[in-house]
Amino acid sequence: MKRRGDSSTSTIEIAVDHSGADTVVRLKGRVHVDSSPDVRDRLRAILSSDPLPHAVTVDLSDVTSIEASGIATLIEALKVARYREIRFHLQGHGSVFQLFESAGLLALFDKSSGGNGAS
């Protein structure tokens with residue numbers, strides 16, 4: 001399922017793939033103050049779906065930039081996932097993923113078995 005942000009100023013595309021009890025959320029574009037609510041709403045819906053997913057992976061490979069609001073959105077989703085005992089992963093490559101790595105934010109997430117991300 002692919003969804004473009006509802007806001008006319010949103011510059012994010014959100015694609016969601018379900019594979020058994022696991023969900024992959026692929027973000028494409030810029031995650032900033034105008035698009036973060038779209039990401040937050042989508043992640044909240046996934047993290048409260050019935051049945052709950054076993055794991056959620058957010059793929060940052062096609063994110064071109066991320067602001068503090070986007071980082072806060074992902075950390076908020078991580079907290080919700082932990083509370084609901086859902087594994088929450090980040091994966092990707094490129095400058096946005098490296099930002100999480102160099103800022104020490106990946107330490108908040110468990111290491112993923114794929115070697116390309118964290119959860």
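How many cavities of 30 Å³ or more does the count come to? The count comes to 1 cavity. The rule is this: on a 1 Å grid over the protein atoms alone, a cavity is a set of points where a 1.4 Å probe fits but cannot get out, while a pocket is an open set with protein on both sides within 12 Å along at least five of seven lines, and lining residues have an atom within 4 Å of a point. Grid points are joined across faces, edges and corners, and a volume is the space filled by probe spheres set on the points.

Before going on, the ground rules. This is a predicted model, in which local features need pLDDT of at least 70 and side-chain atom pairs count only at pLDDT 80 or more, while totals for chains, interfaces and linings use all residues. Residues are numbered from 1 along each chain as its sequence is written, and side-chain values use heavy atoms, with hydrogens and water left out.

Back to the cavity. The largest cavity has a volume of about 40 Å³. Arg40, Leu43, Arg44, Leu47, Thr73, Glu76, Ala77 and Val80 line it. At least two of the lining residues come from helix 1 and at least two from helix 2. Helices here are DSSP runs of H or I with at least four residues, strands are runs of E with at least two, and both are numbered from the N terminus.

The largest pocket has a volume of about 180 Å³. Its lining has 14 residues, and His18, Thr23, Ile46, Ser49 and Pro53 lie nearest the centre. Strand 2, strand 3 and helix 1 are the elements that give two or more residues to that lining. The largest share, 3 residues, is from helix 1.

Two of those elements are paired. Strand 2, residues 12–19, and strand 3, residues 22–31, run antiparallel and are joined by 8 bridges; pairing requires that DSSP finds at least two bridges between the strands. Ala15 has Arg26 of strand 3 as its bridge partner. The two strands form a hairpin with 2 residues between them, and Gly20 in the turn has a positive phi of about 65°.

Now helix 2, residues 68–83. Which of its residues are buried? They are Gly70, Ile71, Thr73, Leu74, Ala77, Leu78 and Ala81, where buried means under 20% relative accessible area, exposed over 50%, and partly exposed in between, with a 1.4 Å probe and protein chains only. They cover an arc of only 155° around the axis, so they sit on the same side of helix 2; the arc is that of the directions from the helix axis to the C-beta atoms. On the other side, Ala68, Lys79, Arg82 and Tyr83 are exposed.

Helix 3, residues 95–102, is among the elements covering the buried residues of helix 2. Its own buried residues are Val96, Phe97 and Phe100. These fall within an arc of 100° seen down the axis, so they line one face of helix 3. Ser95, Gln98 and Ser102 are exposed on the other side.

Last, the backbone. The peptide bond from Asp50 to Pro51 is cis, with omega near 0°, and Pro51 is in the loop between helix 1 and strand 4. Glu85, in the loop between helix 2 and strand 5, has a positive phi near 60° although this residue is not glycine. Glu85 is exposed, at 74% relative accessible area. After helix 3 comes Gly104, with a positive phi near 80°.

How values were computed: Contact = heavy atoms within 4.5 Å.
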